Amino acid sequence: MRIHHPRPEVTLVVLDDDPAVADHARALFDAGHPLAVVSNHYSAVVPFMLGNNGDTVALVADVDDPSQFASAIATTERRLGTVAEVIRYRTDLPATAHNPAA
């Protein structure tokens, strides 16, 4: 009998210029949460490639280009599972001690 283990939902984080969003991505990464990080700057995603345990997809893409963003989501879902949320701005962050405004 084969036991089916559902794949966890994935968070896709867009790394732009907001340090709070980058901090959230690092916290998810450190916790081993399935995660995709996307930026139009290679240097922003490199730290997530290093020490990657297989639960992270790091991509370079322009998320303002609909086809590149769709491709990033498709790649993430093929590798990790369903993208459940996209975090790009501080206002997208869950309410925490680090983001009391949410």
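Helices are DSSP runs of H or I with at least four residues, numbered from the N terminus. In this predicted model, D23 and R26 both lie in helix α1, 3 residues apart, which is about one turn of the helix.

**Helix α1**
- Helix α1 covers residues 19-30 and spans 16 Å from its first C-alpha to its last, close to the 16 Å expected at 1.5 Å a residue.
- Its buried residues are A20, V21, A22, H24, A25, L28 and F29, and they pack against β1, β2, α2, β3 and β4.
- At the start of α1, a side-chain oxygen of D18 comes to within 2.8 Å of the backbone nitrogen of A20.
- After α1 comes G32, with a positive phi near 75°.

**Salt bridge within the helix**
- The side chains of D23 and R26 form a salt bridge at 2.5 Å, N to O.
- D23 is partly exposed at 43% relative accessibility, and R26 is partly exposed at 42%.

- D16 pairs with R88, their closest N and O atoms being 2.9 Å apart.
- D16 lies in the loop between β1 and α1 and R88 in the segment after β4, so this pair ties together parts 72 residues apart in sequence.
- R88 is buried at 18% relative accessible area, whereas D16 is partly exposed at 36%.
- R90 and D18 also meet in a salt bridge, at 3.2 Å from N to O.
- R90 is in the segment after β4 and D18 in the loop between β1 and α1, 72 residues apart.

**Surface patch**
- Y42, M49, L50 and V60 make a nonpolar surface patch of about 420 Å².
- V60 belongs to strand β3 and is partly exposed at 45%.

Notes
Residues numbered from 1 in each chain as written. Predicted model: local features only at pLDDT ≥ 70, side-chain atom pairs only at ≥ 80, totals over all residues. Heavy atoms only, no water. Patch = residues over 30% accessible without salt bridge, like charges linked within 9 Å, V, L, I, M, F, W, Y side chains within 5 Å. Areas by Shrake-Rupley, 256 points an atom, 1.4 Å probe, with all protein chains shown as cover. Salt bridge = Lys/Arg side-chain N within 4 Å of Asp/Glu carboxyl O. Helix = DSSP H or I, 4+ residues; strand = E, 2+ residues; numbered from the N terminus. Buried < 20%, exposed > 50% of the residue type's maximum accessible area, 1.4 Å probe, protein only. Expected span 1.5 Å × (residues − 1). Contact = heavy atoms within 4.5 Å. Polar contact = N/O pair within 3.5 Å; in protein donor to acceptor, adjacent residues only side chain to side chain.
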